[in-house]
Amino acid sequence: MAKLFSSISISPFMASALLLLGLLMATLDTTGAQIGVCYGMLGGDLPSKPDVIALYKQNNIRRMRLYDPNREALEALRGSNIEVMLGLPNDKLQSIASNQAEADRWVQENVKNFGDVKFRYIAVGNEAKPGNDFAQYLVPAMERIRNAIVGAGLGDQIKVSTAIETGALAESSPPSRGSFKQDYRPILDPVINFLNRKPSPFARQLVPLFCHRRKPSDFSGLRTFQSCTRYSCRPSVKLSKPF
């Protein structure tokens with residue numbers, strides 16, 4: 001670990017993020033939760049892809065999100081047994097949505113050709129918002145990718161979803177009172193219908209560190225993946241930990 005990051009300057013904010021990650025990892029064995037880490041590649045002086053995969057394995061991080069099919073990262077993931085959520089970028093949605101052959105090709109090149117990588121999810125698009133030109137292609141692209149996954153014989157292994165931003169929520173606390181903003185409904189209603197029909201999980205972008213920094217006193221219970229009742233808005237509702 002020291003060797004890997006010895007040449008990287010870490011800001012106080014990043015140090016806090018790493019500390020929080022360390023605390024979460026320290027509770028892994030007692031809570032039974034699986035830790036996953038998003039692998040972002042925007043930055044300078046980054047570790048090599050094989051070094052990053054080695055870091056995941058060293059710290060027993062068994063799940064990874066890749067925002068796009070980076071070839072070097074996928075090669076490094078071969079045989080690692082790390083479960084992967086692979087992203088299909090927003091700029092590919094239109095071409096995928098309009099052509100099943102293009103979806104088939106994408107799945108063949110980025111999924112099927114890496115048979116020894118443990119893909120669990122394809123995240124089609126990322127944080128589609130009202131006014132985004134690509135938003136109209138989101139669900140059609142999800143349908144095409146799902147068809148390609150099934151056609152490749154991977155329908156029981158890989159689920160298709162998308163990730164929404166936290167800003168899409170009109171209300172989130174308590175969770176039993178949660179709702180989406182009305183201007184997001186034309187995007188999210190078809191997404192939810194797709195996920196319900198398949199079925200597939202609903203993915204939401206969460207940054208617990210930001211929530212903790214904004215309101216430390218409210219960072220407990222469900223937010224730390226423990227069973228609790230304090231976030232219910234009705235006596236008949238009981239929320240359980242998701243893992």
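I started with Leu-154, which counts as buried because its relative accessibility is 15% (buried means under 20% relative accessible area, exposed over 50%, partly exposed in between, with a 1.4 Å probe and protein chains only). The model is predicted, so I kept its limits in mind: local features need pLDDT of at least 70, side-chain atom pairs count only at pLDDT 80 or more, and totals for chains, interfaces and linings use all residues. Residues are numbered from 1 along each chain as its sequence is written, and side-chain values use heavy atoms, with hydrogens and water left out.

I placed Leu-154 in the loop between α7 (138-151) and β5 (159-164). Helices (H or I, at least four residues) and strands (E, at least two) are DSSP runs, numbered from the N terminus. Leaving out residues up to four places away in sequence, Leu-154 touches Val-111 and Ile-149 (contact means heavy atoms within 4.5 Å). I found 9.6 Å between the C-alpha atoms of Leu-154 and Val-111, which sit 43 residues apart along the chain.

Next I checked α6 (residues 100-110). Its buried residues are Gln-100, Ala-103, Trp-106, Val-107 and Asn-110. They fall within an arc of 120° seen down the axis, so they line one face of α6 (the arc is that of the directions from the helix axis to the C-beta atoms). They pack against α4, β3 (83-88), α5 (93-97), β4 (118-126) and α7.

Last I looked at α3 (residues 49-58). I listed Lys-49, Val-52, Ile-53, Leu-55 and Tyr-56 as its buried residues. Their arc around the axis is only 155°, which puts them on the same side of α3. Their cover includes β1 (36-39), β2 (63-66) and α4 (71-77). Just after α3, Asn-60 has a positive phi of about 55°.
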